[in-house]
Amino acid sequence: MSKKRSVKNPIYQQDDLSDIKLICEEGALAIFAVKQPSDQGDAKRMVRVLRNIRNHFALKREKDLLHYLNRFPKDFPTFYEIRKSGFSYLKIFDFAGKHNLQTVVKAEGPLSTKAAKKCLKHLVSALDKVHGVGFVHTRIRPENILVNKDHYYLADWTGAMPALPSYETELLMGDQKYCPPERLNGEYQAAGDVYLLGCVLYFALTGKHIYRLNKVEHYFDQLYAHAFHTPRKLNTLPLVWRQLIMWMTQKDPQNRPSLAELQQWLKEPSVPKSIRQQSVETVKDFPEDSLTVLADSHYLYAQFKKATLLEASGEREIAFNLYETCAFRGYTRAENNLGLLYQKGQVVQKSYIKAMNMYYQAYEKGNPYGAYNLGYMFEKGQGVTVNLKRARKLYEYAAMRGHLAAQNRLGECYQQGKGVEKDVAKARFWFGMAAHYGHDLASENIHQLLAESRKRAV
């Protein structure tokens, strides 16, 4: 935890927040306990400060979801607002405790079965509300479960998304110590949250990771464990909990319990006969090359990653075949990369029509790279009549989802009046956003824009 970094946090610039105390800080996220004036006097709040705001679309969607969840005050701490401050967003909630399941178990030891049952009940109730509107949480892990004397709350909704196959479900960011195996195929539905909840329950009852991944740093090995390993030392748990965790962490999502079945288990602990009769041989070893084994097992994420490595090393024909295999199964990142090969005429004969088709398929499933590349073809007239208005809309779609090159292009559209009326303020905004996150051309563009503004002011 870095106090030096925290003092620079924009939370200290908020006039209505006082008695600010840092709870934890990791990467682009910092969490604080504060006091804020209310009708009843100073109220204790929790503020989550996010310093990566490039994905405007996801932030707006999260805000809408959090407002909806306010309908269920028993299940969720009240959400008050998202406040923008420079290149940060402050999300303000009712204070629900400074401890999470990770810190509680570390300090006090595993939960009792009574406490674990209470935890399960509260989290199932919360997920029932979220799944009921077609969303999934995707980040259920001990650090994201707040604990106080009365309740267990599910926190961190930044990864919440619709339960549909899409570009978002294909992305695997950061460590993958908690990841349902089907996500390696770009799939994530309600059963994925059940799997993660099963992994968390195991931790709550044992104080250990279900596959002992806390010291496994390479994420290909982490993903391999979720695809192939079995829960460790289940026989140390009471029988009913052992069977429940086996049920919840089945590799096939269709074999996991629904939330309704978990609610029934809370009333009468029993699992299907097929689970009771399941004999599990312990699998805990790792291969020499987890990525290759995953790719050979036809997991799309691994095949795509393998293809990118092959392409980078010059083996484009093999990469093309792997991209094609993934694209055939609707994997949007492979569709986009196939489009690039067709657009450039690498390995295959150049075809703008095939490139546009690949980009469009990726864009339809939410891929901002596909949208950006399609927009570029409309802007440059590659295989299609120049259409600056269409290009600008596609750039905007990608820019809203955090694509830096698209943010820069969108800035150029506003600066030059391409497909939209000139708007220097909007151009400056998008150049500034892309430049802040490291896009070199955007930095040049905003410096040029500011220099021109100073000249006009003289």
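This is a predicted model: local features need pLDDT of at least 70, side-chain atom pairs count only at pLDDT 80 or more; totals for chains, interfaces and linings use all residues.
I started with Arg401, which lies over the face of Phe57, 3.8 Å from the ring centre. My cut-off for a charge over a ring: NZ of Lys or CZ of Arg within 6 Å of the ring centre and within 35 degrees of the ring normal.

Residues are numbered from 1 along each chain as its sequence is written, and side-chain values use heavy atoms, with hydrogens and water left out.

Next I looked up Lys129. Its charged end sits over the ring of Phe72, 5.7 Å from the centre. I found Lys129 in helix H4 (residues 113–131); helices here are DSSP runs of H or I, at least four residues, numbered from the N terminus. Buried or exposed, I wondered about lysine 129? Lys129 counts as buried because its relative accessibility is 18% (buried is under 20%, exposed over 50%, partly exposed in between, with a 1.4 Å probe and protein chains only).

Then I turned to rings. I noted that Tyr224 and Phe286 form a tilted aromatic pair, 6.2 Å centre to centre with 50° between the planes. (Rings of Phe, Tyr and Trp, its six-membered ring, pair if their centres lie within 6.5 Å; planes under 30 degrees apart are stacked, over 60 edge-to-face, the rest tilted.) Tyr224 is in helix H7 and Phe286 in the loop between H10 and H11, so the pair ties together parts 62 residues apart in sequence. Tyr224 is buried at 12%, whereas Phe286 is partly exposed at 33%.

Conventions: Helices (H or I, at least four residues) and strands (E, at least two) are DSSP runs, numbered from the N terminus.
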